[in-house]
Amino acid sequence: MAAIDRREFLRKTGAGAAATAAFAACPGAAFSQVFGTSAPFPDYKALVCVFLFGGNDSYNMLVPRSNAEYAVYAASRQNMAIAQTDLLPINPLTPDGADYGLHPMMADVQILFETNRAAFVTNVGPLIEPTTKDQFQNQSVQLPPQLFSHNDQQNQWNSLRGVNQSKTGWAGRLADLIRTNVAGQQMATNVSLFGSTLLQSADETVAYVMGSDGPIPFIGFDDNDAGRAQRAAFEQVINASYGSIYERGFAEIQKRAVAAADLISNALDNELPPTTVFPPTQLGQQLATVAHLIAARDRLQMQRQIFFVATGGFDSHDDQILNQPGLLGGVSAAMAAFYNATVELGVSDMVTSFTQSDFARTLTSNGDGTDHAWGGNQLIIGDAVAGREMYGIYPRLELDGPDDVSGGRIIPTTSADQYAATLSRWFGIPDADLATVAPHIDNFVQRDLGFLLL
Amino acid sequence: MQTDRVADRIATFGRMYSQAILTVCVLLLGACGGGSSAPPPTGGPPPPLPPITKAEANQFLNQATFGATVASQQNFINLRHDSWIDQEMAKTTSLQLPFVRALPRPQNLAQLQTDRVDIWFRNVLSGSDQLRQRVAFALSEILVVSQQGALLQAPYSLADYYDVLARNAFGNYRQLMGEVTLHPAMGEYLSMLGNEKPDPALNIRPDENYAREVMQLFSVGLIELNNDGSAKLDTQGQAIPTYSQEIIEGFAHVFTGWHFADARRFELARRTDANQTIPMQLYPSFHDTGSKTLLNGVVLPAGQTGEQDLSDALDNIFDHPNVGPFLAIRLIQRLVTSNPSPGYVGRVATIFNDNGSGVRGDLGAVVRAILMDDEARPDVPMELDGKIKEPIIRLTQLWRAYDASSSSGRYPIIYAYIVFGQGPLQSPTVFNFFSPFYAPPGEIRDSNLVAPELEIATEYLNTFITNYMFGQAFVNNSENINPGVDDVLIDINEEIAVAADIDGLIDLVSEKLMGGDISDTLRTEIAGMLALIPESEVAVRAAETIYFVVTSPEYAYQR
């Protein structure tokens with residue numbers, strides 16, 4: 001397929017890296033020269049964030065398989081370890097000296113990886129600046145506050161706020177940056193199918209929240225005299241001026257709901273969804289709807305979209321060995337189905353899905369589960385992905401080793417800022433704007449991890 | 001004075017004083033005329049108390065019950081605040097477990113979750129202990145356990161857990177902490193149940209789940225607070241973490257050795273119909289006997305019993321000065337307003353710290369302080385007073401006002417959390433349906449204020465609820481000639497009787513749902529729609545009126 005050929009051509013010639021460097025060398029100017037400051041984008045792109053709530057134990061998702069490294073892993077993980085022979089082998093194009101395998105329930109991802117359509121970023125997590133174990137213990141670097149706490153680390157991943165208060169998320173800021181380029185869009189750039197999320201919160205733009213099966217129309221607002229009168233009266237009520245800040249806040253949501261529900265519902269009703277079969281799970285349903293929305297993108301004049309989907313249950317303090325197969329198998333099947341749907345729609349090189357999660361989990365066990373940790377592995381899928389690679393450094397999974405702060409909590413060696421910056425560059429913002437999306441990107445040498453082909 | 005309150009409230013959430021806030025203050029100052037007040041009267045006998053208006057009664061009862069009704073308003077006006085609260089606190093607790101236990105045991109215990117939700121609705125709709133039930137619901141959104149997860153198969157446990165909250169709603173918070181900690185529902189939900197001492201050979205260390213969340217979500221929170229709820233700051237102006245990972249590990253070691261009661265051995269303990277409502281039991285050989293580092297530098301000595309460790313550790317948390325302001329903010333937010341001033345938080349926290357008789361943690365005194373505070377019923381309505389009603393309370397208020405019932409007598413609304421985004425013990429995570437700190441984009445966030453309930457008032461859920469209310473008003477009413485046995489119908493007979501008179505109909509619905517206080521816009525729009533409906537279509541007119549009121553921003557707003 002063309003996208004893969006192009007990617008391999010770029011990789012072999014090094015042109016990808018050269019182009020990246022050239023782009024980075026003329027900060028700010030490149031974007032406006034190419035597109036003009038507010039010109040519409042010439043293409044369509046979508047990012048799909050798959051958030052794994054609770055903290056995915058991703059050192060059981062991507063596991064060292066070669067004997068020496070597996071032995072370290074098994075010694076640390078004890079009764080949480082996946083059997084060496086059960087791991088699904090993967091063969092990165094650029095090996096790091098060890099062999100790796102995937103959780104046995106991730107056969108779909110194994111195929112995508114081996115055929116260059118998927119990549120991992122290893123040991124990535126919230127950081128403010130590069131951090132060693134000594135620096136952590138001496139507190140001689142700034143650290144994200146409230147490490148190991150669910151909501152705080154979800155918020156770090158979503159906002160990249162560091163030590164400062166932030167009311168906006170990185171996808172929200174990304175949408176704000178491109179808002180003049182997508183002025184013709186009839187739907188918000190940011191769409192969530194899993195409730196309000198800080199990731200998409202912004203200063204200038206407002207995310208739209210729909211259900212896992214899309215928006216629902218208002219009953220009673222039919223397209224006839226009675227329905228139009230009903231809708232008009234309803235709109236008069238929500239458009240009235242209110243004395244309380246809370247009434248106004250509520251009315252604002254109702255206004256967006258009324259304005260968008262019929263528009264989007266009609267677009268979906270008039271567009272056949274892709275025929276790809278999705279697994280009958282909450283995540284599968286959400287991704288099926290995202291695929292349907294992407295199919296209907298031209299009806300809503302969409303050029304840039306950021307979707308938020310999610311699934312929970314990853315907070316495996318208990319019964320991890322029992323539950324992890326279903327959790328990771330569910331992610332693998334749903335994300336692979338979504339990739340297949342983008343192929344069917346002919347947009348597989350324009351749509352990139354990626355995971356985020358609160359944190360990885362302790363390498364040690366609490367008996368039948370694990371607790372909250374820090375750095376972990378994330379998965380990226382799509383034909384714009386420079387696939388079959390592991391980006392970043394896979395840590396030595398050794399208790400009290402060089403990266404372990406206690407109990408098998410691994411200090412990230414790649415920051416969530418770098419991860420978001422790489423996704424944002426591909427989405428279409430210039431290097432000069434990266435610090436707006438990823439506020440601490442200047443603290444890291446590598447501003448673009450290279451897992452997406454520009 | 002009013003302007004001070006605005007600035008105070010902003011400071012509560014420790015935010016910067018921005019131009020946006022200044023603008024809001026200026027606007028408010030204009031609206032409120034600067035807040036000058038009359039001098040206090042001097043000398044003479046105290047004047048008789050002015051009668052309580054319907055609007056005041058309506059406001060109070062929407063704070064303290066599952067929805068003001070015409071009858072409850074009159075009762076409250078007769079009793080006045082203090083006596084009403086006295087009576088409420090003396091009432092017998094409406095329970096869930098006896099109801100759920102009395103039902104035939106189904107093969108699949110998850111089916112009883114519907115009955116658990118049913119008895120919750122029965123209690124909050126028609127239980128006489130309204131204040132207790134409202135406080136219990138608030139507590140269930142702080143001390144969260146949920147049917148979503150392993151507890152789906154433990155309906156007795158969840159019913160009993162809710163009863164613990166209801167029984168202790170006016171009791172002592174230390175007692176409640178103890179009962180919650182050892183309740184098997186919490187034990188399963190936050191995995192203290194089955195937590196065992198370390199086994200270094202296998203790299204097994206105690207589970208940190210309950211240790212972390214009992215501090216973060218149930219008692220002290222992440223950062224040190226002043227008594228008024230504002231953040232304490234260090235010399236660099238940064239917030240001070242309340243605890244470290246070492247302290248979490250200390251508590252994790254405390255919470256070892258507990259499992260379902262009455263098992264022959266720790267390893268053999270399993271949930272049964274019986275033990276899911278009995279406090280967890282200590283199995284001493286699984287308790288870690290080392291020393292444990294707790295809050296404020298306290299170290300428990302090695303060699304204590306599990307019971308002693310637990311008691312000392314809960315005392316250690318309970319005595320932390322954060323607990324008063326932490327709980328004050330959350331309970332005020334659930335009952336009265338999203339953005340209490342530091343003064344309000346401080347007054348309530350002070351009562352938590354000492355109820356006036358030297359007792360710390362008296363929840364009854366805390367609830368009374370919350371409801372009796374001047375800020376709960378300001379003389380001059382302020383832009384920041386009040387809150388958005390919780391979605392499920394928008395439903396219960398409607399149902400109470402309209403004597404809603406099904407022919408089976410049941411309220412099997414197991415899908416509450418899907419339609420309304422919340423339901424009794426149905427939270428998606430221990431972080432509740434919404435965060436106390438949620439600020440929607442727009443002027444609320446720009447003004448450094450919060451509106452927790454709006455986190456779940458998404459475009460999607462608002463549409464869902466609006467449509468549900470459409471079905472409730474137009475289909476599930478007393479005119480429905482062929483309802484399902486479990487369909488909950490509102491009684492619109494009184495509306496039908498006056499429906500020929502448009503103003504009279506709007507007045508009646510407004511009386512029942514808004515305490516008689518309806519905006520001109522809403523009245524005008526409803527009247528316009530009713531004029532399009534033939535006078536003979538009395539039920540449609542009644543339904544239309546109710547639909548427009550219960551989906552309006554002013555109904556969603558709790559003054």
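B:Glu495 and B:Lys512 pair up in a salt bridge, with their closest N and O atoms 3.0 Å apart (a salt bridge being a side-chain nitrogen of Lys or Arg within 4 Å of a carboxyl oxygen of Asp or Glu). B:Glu495 sits in helix H21 (residues 493-498) of chain B and B:Lys512 in helix H22 (residues 502-514) of chain B, so the bridge ties together parts that are 17 residues apart in sequence. Helices (H or I, at least four residues) and strands (E, at least two) are DSSP runs, numbered from the N terminus. B:Glu495 is buried, at a relative accessible area of 0%, and B:Lys512 counts as buried too, at 8% relative accessibility. Here buried means under 20% relative accessible area, exposed over 50%, and partly exposed in between (1.4 Å probe, protein chains only).

The model is predicted, so local features need pLDDT of at least 70 and side-chain atom pairs count only at pLDDT 80 or more, while totals for chains, interfaces and linings use all residues. Residues are numbered from 1 along each chain as its sequence is written, chains are lettered from A and ligands numbered from 1 in the order in which they are written, and side-chain values use heavy atoms, leaving out hydrogens and water.

Over all chains, a search of the whole structure turns up 47 salt bridges. One of them brings together the side chains of A:Asp371 and B:Arg205, at 2.9 Å from N to O. A:Asp371 lies in the loop between strand S9 (351-357) and strand S10 (376-381) of chain A, and B:Arg205 in the loop between helix H10 (184-189) and helix H11 (209-216) of chain B, so this pair joins two chains. A:Asp371 is buried, with a relative accessible area of 0%, and B:Arg205 is buried at 13%.

What about B:Arg105 and B:Asp273: how far apart are N and O in their salt bridge? The answer is 2.4 Å. This pair links distant parts of the chain, 168 residues apart: B:Arg105 is in the loop between helix H5 (97-102) and helix H6 (112-126) of chain B, and B:Asp273 in the loop between strand S1 (258-259) and strand S2 (281-282) of chain B. B:Arg105 counts as partly exposed at 46% relative accessibility, and B:Asp273 as partly exposed at 26%.

Turning to the rings, the whole structure holds 44 aromatic pairs over all chains. Rings of Phe, Tyr and Trp (its six-membered ring) pair if their centres lie within 6.5 Å; planes under 30 degrees apart count as stacked, over 60 as edge-to-face and the rest as tilted. B:Tyr173 and B:Phe352 make an edge-to-face pair, 6.3 Å centre to centre with 65° between the planes. The two sit 179 residues apart, B:Tyr173 in helix H9 (residues 173-181) of chain B and B:Phe352 in helix H15 (residues 342-353) of chain B, and both are buried. Helix H9(B) itself is mostly covered, with 7 of its 9 residues buried. Ring pairs also link A:Phe218, A:Phe221, A:Phe234, B:Phe470, B:Phe474, B:Tyr547 and B:Phe548 into a cluster.

Finally, some rings have a charge over them (NZ of Lys or CZ of Arg within 6 Å of the ring centre and within 35 degrees of the ring normal). A:Arg304 lies over the face of A:Phe41, 3.8 Å from the ring centre. The charged end of B:Arg360 sits over the ring of B:Phe318, 5.3 Å from its centre.
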